[in-house]
Amino acid sequence: MYSSTQLAFKYLKYRLTASNGKGHGVHSPFVFEFITKVLNDKSSFDCFQAIESLRRELKNNNSRISVPDFGAGSRMQLQHKRKISAIANSSLKPKKYSQLIFRIVHYYNPHTILELGTSLGITTSYLACANPQAILITMEGAPEVAAIAATNFKTLNLSNIKIVEGNFDTTLPSVIHQLSSIDFAFIDGNHRKEPTLNYFYRLINVSKPSTILVFDDIHWSMEMEQAWVEIKQHPSVTLTIDLFFIGLVFFRTEQKIKQDFIIRY
Ligand SMILES: C[S@@+](CC[C@H](N)C(=O)[O-])C[C@H]1O[C@@H](n2cnc3c(N)ncnc32)[C@H](O)[C@@H]1O
């Protein structure tokens, strides 16, 4: 993991060099449409307020729960107690990105959605709300964390979510086996090179030309940056969009020449 100074420097460089989608730099109608209709859409949708109010409650919840450590090799190791507020403050995608993920799902309308890393279920709730007709499977290895997410889904009246509990190493192969294809996946757990690439290679087996994969924290560490480079280079990946804190991967066959964009967000 990079130090906060290294990360700040990288972020500054991104801000200074990324395209803003206007003028030069984006020679792709698909990406231009993504920027104007999804990335920069400022609309507020019905469920935003309820989800953000739940996030605020979680940030003020000082109860402690047991959280397994998915350390090296992502094997369950030590259990330690953490405040729910600490998890809500450090693990959840911030509003800006959760709402962008909502808009991606709302705009492209994927039918089968997978999330690796439920945590307290905040981004999951955005996914569920963005397309209530979708089949949404979210995966979490920490049982007490998953239990809180399940309660949160009830509070928000979201019924289209299936939580799969367990280590991704064992649960992902069987989840993928049950699905003939995946339209959208948000990979937000176990941010290391080998596991990330392992999830990517499993997911491409069930990806279609219209599938969108979103990888979290692609610049968080040298390992994650290496994983991102390998993902971008994969022959079936035709388009990537780097938004610094997340990276979007597309397999569009209409895209004849591979393109990688870095867009300011
Ligand atoms: C960053 S949080 C997910 C945040 C959530 N997507 C959001 O934005 O609201 C990552 C979650 O993945 C879980 N996790 C990490 N490695 C895992 C593994 N190998 N198997 C199962 N769960 C894992 C952690 O317990 C943690 O709750």
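Q: Which residues of α9 are buried?
A: In this predicted model, the buried residues of helix α9 are Pro195, Thr196, Tyr199 and Phe200.

Q: What makes the buried residues of α9 line one face of the helix?
A: Viewed down the axis of α9, the buried residues fall within an arc of 140 degrees, so they line one face. In general, an α-helix has 3.6 residues a turn, so residues three or four places apart point the same way. The buried residues of α9 pack against β3, α8, β6, β7 and α10.

Q: How do you know that the length of α9 is close to the expected one?
A: Helix α9, residues 193-204, has 12 residues and reaches 16 Å from its first C-alpha to its last, which is close to the 16 Å expected at 1.5 Å a residue.

Q: Why is Leu114 called buried?
A: The cut-off for a buried residue is 20 or more other C-beta atoms within 10 Å, and Leu114 has 26, so Leu114 is buried. Leu114 is found in strand β3, residues 112-116, and, leaving aside residues up to four places away in sequence, touches Ile137, Ile182 and Ala185.

Q: What makes Ile101 stand out in the largest nonpolar core?
A: That core has 66 residues, and Ile101 is among those with the most contacts inside it, together with Val214 and Phe215. Not counting residues up to four places away in sequence, Ile101 touches Thr123, Tyr126, Leu127, Phe186 and Val214.

Technical notes: Residues numbered from 1 in each chain as written. Predicted model: local features only at pLDDT ≥ 70, side-chain atom pairs only at ≥ 80, totals over all residues. Core = buried A, V, L, I, M, F, W, Y, C linked by C-beta atoms within 7 Å. Buried ≥ 20, exposed ≤ 12 C-beta atoms within 10 Å, placed from the backbone. Contact = placed C-beta atoms within 7 Å. Helix = DSSP H or I, 4+ residues; strand = E, 2+ residues; numbered from the N terminus. Expected span 1.5 Å × (residues − 1). Arc of directions from axis to C-beta.
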